[in-house]
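Please consult the sequence and structure shown below while reading.

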Amino acid sequence: MENNKILVIDDNEDILFMLKAMLQLKEYKVFTKETADNIESYIQELMPDVILMDMLLSGIDGCEVCRKIKSIRAIAAIPVIMMSALPEAKALCVEAGANYFVGKPFEMADLFNAVFIALSQKELSEA
Amino acid sequence: MGELMRAKDWSTTAVGTPDQWPQSLRTTLSIILNAKFPMFLWWGEELTCFYNDAYRPSLGNDGKHPGILGMPAEKAWSEIWPIIKPLIDQVLAGGEAQIFEDTLVPIYRNGKIEDVYWTFSYSAVIDESGKPGGVLVNCIETTEKILNAKKIAHSENKFKNLIKESPIATAVFTGENFVVELANAEALKLWGKNKNVIGKKILEAMPELEGQPYMDLLKNVYTSGETYHGKEDFVNIEVNGKIEPAYVNFIYKALRDGDGKIYGILTMGYNVTEQVEARKKIEYNEERLRLTAETAMLGTFDLKMPEREFVGSKRVYEIFGIADTNISYDTLFSAIHPDDLHIREAANKLALTTGRIGYEVRLIRPDKSIRWISAYGKVFYGEDKNPSRVLGTIMDITDQKKFLNDFQASEKRFRNTVMQANVGITILKGADFFVEMANETYLEIIDRKEEDFVGKPLFEGLPEVREVIEPLVTSVLRTGISFEATEFPIPITRKGDTQIGYFNFAYQALRENDGSISGIIVVVNEITSIVKAKHLLAENEKEFRNVIMQSPIPMTILRGEEFVMEMTNDIMLKTIWRRKQEDIIGKKLFEAYPELNTQVYLGILKKVFTSGEPYKANESVAYLEGDDGMKKFYFDYEYAPLFDTDGTVSGIMVTANDVTEKVLLRINIEAEEARLRLAIDATKLATWDLDLQTSEMIHSPRLAEIFGHDSLVLLTHQQMRDQIHPDDLQLIIEKAFNEAMQTGIYYYQARVIRPDKTIAWIKTQGKVIFENESIPQRLIGTLTDVTESKIAEEKLAMLAAIVESSEDAIVSKKLNGFITSWNAGAQRIFGYRADEIIGEHITKLIPADRLEEEPKILARLQLGERVDHFETKRITKDKKILDISLTISPIKDAEGNIIGASKIARDITKQKETERLVTESEQRFKAIADSAPVMIWMSGTDKLCYFFNKGWLDFTGRTLEQEQGNGWAEGIHPEDLQRCLDIYVSSFDERKEFYMEYRLKAGDGEYKWISDKGVPRYSIEGDFLGYISGCMNIDEQKTFAEKLAESETRFRLLTNVMPQFIWIADPQGNLYYFNQSVYQYSGLNEREAMNGGWLKIIHPDDKEENIKKWAQSIATGEDFILEHRFRKYNGDYRWQLSRAVPHKDSSGRIQMWIGTSTDIHDQKVSSEQLKKSELLFKTISNTSPVGLWMTDTSGQNSFVNDTWIKWTGISLEKQHGHGWLTGVLEEDKLTIPSFEQAFKRREKYTAEFRILRQDNEVRWCLTEGSPYYDISGEFAGYAGSVTDITEIKKLEQQKDFFISMASHELKTPITSIKGYVQILQSMHKDSPDTFLKTSLGTINKQIGTLTKLIADLLDMSKIKTGSLQLNKEHFSINDMIHETIEEIKHAQPSYRFFFYPETESIVYADRLRVAQVLINFLTNAIKYSPHSNMVTVRSAIIDNNVIVSVIDSGIGISKQDQEKIFERFYRVEGKDENTFPGFGIGLFIAAEIIHRHNGKIQVESEPGKGSAFSFSLPLDNQL
């Protein structure tokens, strides 16, 4: 599963950098974005294998972004893992179509598990 | 004639050939032939005939000319020979010339013997022998003159006959002095004169007219020629030497001679005195009846039974709410409420035995309103013993009924609202505040039982409030001034515990009817929970604030209205403020950074401060002056209000993120994009792309706009389809789609319904993209808004249709006159087909003599004028001339230039023709006959009627054609017809006058009595010509007597039927009439009552006022209204409402007083009680701080109190039914639970919703309502209350928001720290540096503790504010225990766990929360067992509950501590408390979680030996 492309979106620069470092431990190719501006076209171009996204993005609700991704046929199949430090966020993310949810703060192992499962699922669906 | 004479062969005549003629003959003939007058000559022995050119016409055509020239006279004039022979002989015998004027000498001409009149002379012509040789005839034919004279005489005769025989007074006055020319017997009778007056001047004949207005009228008619009609004019007439007043109907009409000059006046008139007087008397009677009924507010009716003929007074129809008084009896009474029909039936049945009918029922009026009526009547029976007539009264008694209902309802309402409202209500009486009543809510609030509280002094039952409350209630009782308080703290002992409760309450003085204060009404609303919640919020805020200040997010706290910078965290200071802390802390923000004053932030901060609503914005621009100079920033920031304990905003928390770099980058990208979008938007074309497999749709923003949305909205294919007009979806779109699937081309025009309900027309063009050339894959296309052109198209089509379907010819032409359009109407009228005429010049339709019209019309059109209804003639294709009415309007082009004309032509030929015929008809006689105020008809010798005057036709409402012949007979009442025919025919045959009376159908369909007097007509010659007859409407006369008697009877009957007392007084105030009710009630007889006896039955206390008021009314003429008591025959007094109104004559003089008295005793008595109860209810309901409402038994809202009205600003009337919903927000109307459902089941109803208050504030409301039952236990409606819960709602929202944001802010930095630590751990897991590894482990563990702490804090807040949510699911408890133990084992590898599951059991619970409890138990067990490494877990099922226990052998808990261990912040404090760190809230949360699951939590422990913590959960029985 190495070299899989993971797109991380979080408006907190520190967390974004941390996630990048963390995921690089597993030798994933990590792409980061701080905002959701033009994110659909970016995703369509990049075609990542997994999207990891915070729910509270500056300027837009992450759930809206997720909904949009899931409404575009070309990229709807990309698993989306959503993260949030907000209590009760999980239900909102699942409702918006997120495939997985990781609460902040998280155990590194939990994040890896989520990414691993998401990738497996994607491979399975493409097989 | 000369030629004829010369050509004639004279040889065979007696005079021989001309050369043999004597000179005298020759001379005479020469004179004759040259004369211009008709001349004839007989000559010689045979009297040979000669005549000249002028004579010829008299011989007519086809007669004697030219045969008699030269013929002997006897042969030529054989038909008149016996007449003229003696005349000729006389002249020839030497007699004098003979002259005859206008003499009838019938001759043969024109193929028959004709009556010809002549004026002629016979004179002798002397021949050479000196003797008469011949006879010369000079003659003029005067036939025409004579005939005309005869006609005139005939008409005059007809006219005079009419006057003479007229059944009405008729006279003719001639000349300026009005000489009485003619006067028939009736006229003389009316005047009271004899025939001597004829020939005299009017003023000589009738000197009494001097000074009366009639002379002026006559003069006026004589000079102006205008006819005068007098109706019921008052006149003084001398009858038998006495001048008496009389009423007449009459007419003055000018008579004109042949030149149109007025020479006299025709007058016709008749005495209507008797009628007028009879009618006045009836009117008086009717008026008396009407006034009586009006005074008593009654409607009266008269019902004739077998035919169900109903006559009702105006008020009857008013009561029934019906405007049409022609409605039938059955229709009128079909308004009776179906549920009440049996009441009327029973009353009808009873009436059969008593003869009286009386019932009270409900009506449903056309406007659906319900009215109560009472009907009383007397039944009359016909000879067949069946009811023949009912006379009666109808009264609207809704108010009385309503009054009684209201009274009962008010009592009920009071009891129910007060007892059931969820505000506490109690009534305190007297100086010791004796508790008269207290409702359930009140008792709940104070936690007392009714028997311990009600019926005792207040402070005996509620001693703990005395200190606070006594001064307040004492003051209210003394001063009567209400006291209201909000959030007032009062100590209350409940469940044995005295605590401060918070209340909104009002003390209102309870006043008696006399205004004295007898007690206090207390209305209380408890708001302890709200106040406590407020306090809690402030507390929460404090707990979090310190933590937040440490956060890595830039934050500042501003305090107060001046926004003093109270605190700011380091990161904010460094990145944004860029000054030293001591330079800015304690300073006002806008003084420290004056440049902010000109930026948006001050306004936003103020708004947040006043509204208490947080504000968030991204990428806002700010300029800030720091130590390093002015800097421009882009911020994402948030202003969160900080609340004080009292709920007011005291400060604002600012969080801000500098996003300048990011924004600058993005602005560049956006500029690029904007350029691209502009290019697309430049065209108004929308584009779209539909995936036919998935129905996914992509479209340009313009499409959303066309569909009526913001351009940013993305519509799905389904959403678009939903907006298509339903009529177009199948017919147009699906059809187009199916075609597209065949052809590949997609095209349609259809309607779209925009969200604002407007219709837009769209045009779509698209193309199907096929895969493998067969499977349609995508549909792409464009879409445009074609609404405007579509509307224009529709308009055009409609106009065209109108033109084509018009009956009129509609033609348009150019200004040069060439026809450009031609409709079907034009073809019908003019005969040309469009293709024949278009392009032709308009003059083709114009007759030659009217060609000059066209340029005139064109000139007017060029000025932009219209030509309206211009009547002219036009010519058709087959050269027929038509009368045409033209309307021509200019046609303008888009710039307003006139480019042509449209012409509407209507064929009015027939109309014109008729007009001409009318003008041609005989005028003079008709005019006189028509203007006569009587009806006239004439018949011919064949008995058939051929003439009816206007008076007759106006009366019957028929046309002359309908009446002619025997048509008139259709109008005669069938019962009268045969009799009339007999009289007419027998009189006719004997040529006798006749008089008859019969009923004739008038134009309104009703038969009226008519008198008909006919006389035979004769010509001057005495020939019988037929009959002429004059008729008069005598219906009123005929029925007056009848009516008079009836109206008298009706008055007596009705007044006696009325339940009210009716009395009538003379203008001096003496009562002289009473109806039967008065006698029955009082026991007085008629004599006693009349002689002032009625005064005796008035209650002594009321007598004085009664006399005073009555005297006052008599003196002033004002209505008399008084409430007083009358004594009944049995000595009881009952309250009556008396009312009397004066009846005045036309001069305004009072003629009588009509009075009524109505029994109002029950109302009066109960109204006293009602006033009291109403007052109490009103005071309570309007004092109430909550809204109160009630419904009726159908669930319709029937009452709301002032508080609710004040909130909504909607009046009580408008709240009725479902009107109360008006104020509720639309979106909430959809979500509130159905009241109807709860209502049907008679269940308690609870709902939360928002209303838009009249002050434009949106408020949250909680309504609670329950059914209530009346005294008899019958369901009577719902009563409920509405509480304003906005503050609670707001607090809840604020709390939730604050908690979640705070935890988010706390967790965010932890996330990054934890992440980095774990990365480091992972990177160094094989490192030999043990210190590094241990340190990282410790950090990670501490972060774990911190995370747990935050989670606990969060849970705590949720529990305290009641917002802890449970996400329940079905799961196996044993599985959950296994997993949890595994998790703990992982962190505590040195511990051993023993799990003894008993039975597999499924619960319905929040799995994570229950696991949280177990983790708490397990970690506690480990924490408090420092000397053990074993923990036991058990699960068991007892009484349908699963019980999970965690048993340790640790330090244990003392009995005393065991009681408090589940409380907040409680920690077992051992000697070395530092050993056991933690907040002490874990068990509190655990207990709360279990309680929320309806479970139990408990501990068993012995210090030193260990503890067993356990919880139980109910088993899920549904699996």
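In what follows, helix axes are lines fitted to C-alpha atoms over the stretch in contact, and angles between N-to-C directions run from 0 to 180 degrees. The structure described is a predicted model.

**A pair of helices in chain B**

Helix α47 of chain B spans residues 1373-1387, and helix α48 of chain B spans residues 1407-1423. Their axes come within 10 Å and cross at roughly 45 degrees. Because of that angle, α47(B) is oblique to α48(B). The crossing of α47(B) past α48(B) is right-handed. On the α47(B) side, the residues that meet α48(B) include I1373(B), M1376(B), I1377(B), T1380(B), I1381(B) and I1384(B). Their counterparts in α48(B) include V1410(B), A1411(B), L1414(B), I1415(B), L1418(B) and I1422(B). By class, the contact of α47(B) with α48(B) comprises 11 nonpolar, two polar and four charged residues.

**Cysteines**

How many disulfides are there over all chains? By the distance rule applied here, the count is zero.

| Cysteine | Nearest cysteine sulfur | Distance |
|---|---|---|
| C93(A) | C63(A) | 4.3 Å |
| C945(B) | C1031(B) | 9.5 Å |

A disulfide requires sulfur atoms within 2.5 Å. C93(A) is in no disulfide, and its relative accessibility of 0% is why it counts as buried. C945(B) is likewise in no disulfide; with a relative accessibility of 4%, C945(B) also counts as buried.

**Two further positions in chain B**

L714(B) is placed in the loop between α24 (701-706) and α25 (717-723) of chain B. Is this residue, L714(B), buried or exposed? Its relative accessible area is 57%, so L714(B) is exposed. The C-alpha atom of L714(B) is separated by 8.1 Å from that of I698(B), which is 16 residues away along the chain. With neighbours within four places in sequence left aside, L714(B) is in contact with K68(A), H699(B) and Q719(B).

T119(B) belongs to strand β6 of chain B, which covers residues 117-126. Its relative accessibility is 22%, so T119(B) counts as partly exposed. Which residues does T119(B) contact, leaving aside its neighbours within four places in sequence? They are F100(B), E101(B), D102(B), N138(B), C139(B), I140(B) and T142(B). As for C139(B), its C-alpha atom is separated from that of T119(B) by 5.8 Å, although the two residues are 20 residues apart along the chain.

Technical notes: Residues numbered from 1 in each chain as written. Chains lettered and ligands numbered in written order. Predicted model: local features only at pLDDT ≥ 70, side-chain atom pairs only at ≥ 80, totals over all residues. Heavy atoms only, no water. Helix = DSSP H or I, 4+ residues; strand = E, 2+ residues; numbered from the N terminus. Parallel < 35°, antiparallel > 145°, perpendicular 65-115°, else oblique. Left-handed = near helix turned anticlockwise from the far one by under 90°. Contact = heavy atoms within 4.5 Å. Nonpolar A, V, L, I, M, F, W, Y, C, P; charged D, E, K, R; others polar. Buried < 20%, exposed > 50% of the residue type's maximum accessible area, 1.4 Å probe, protein only.
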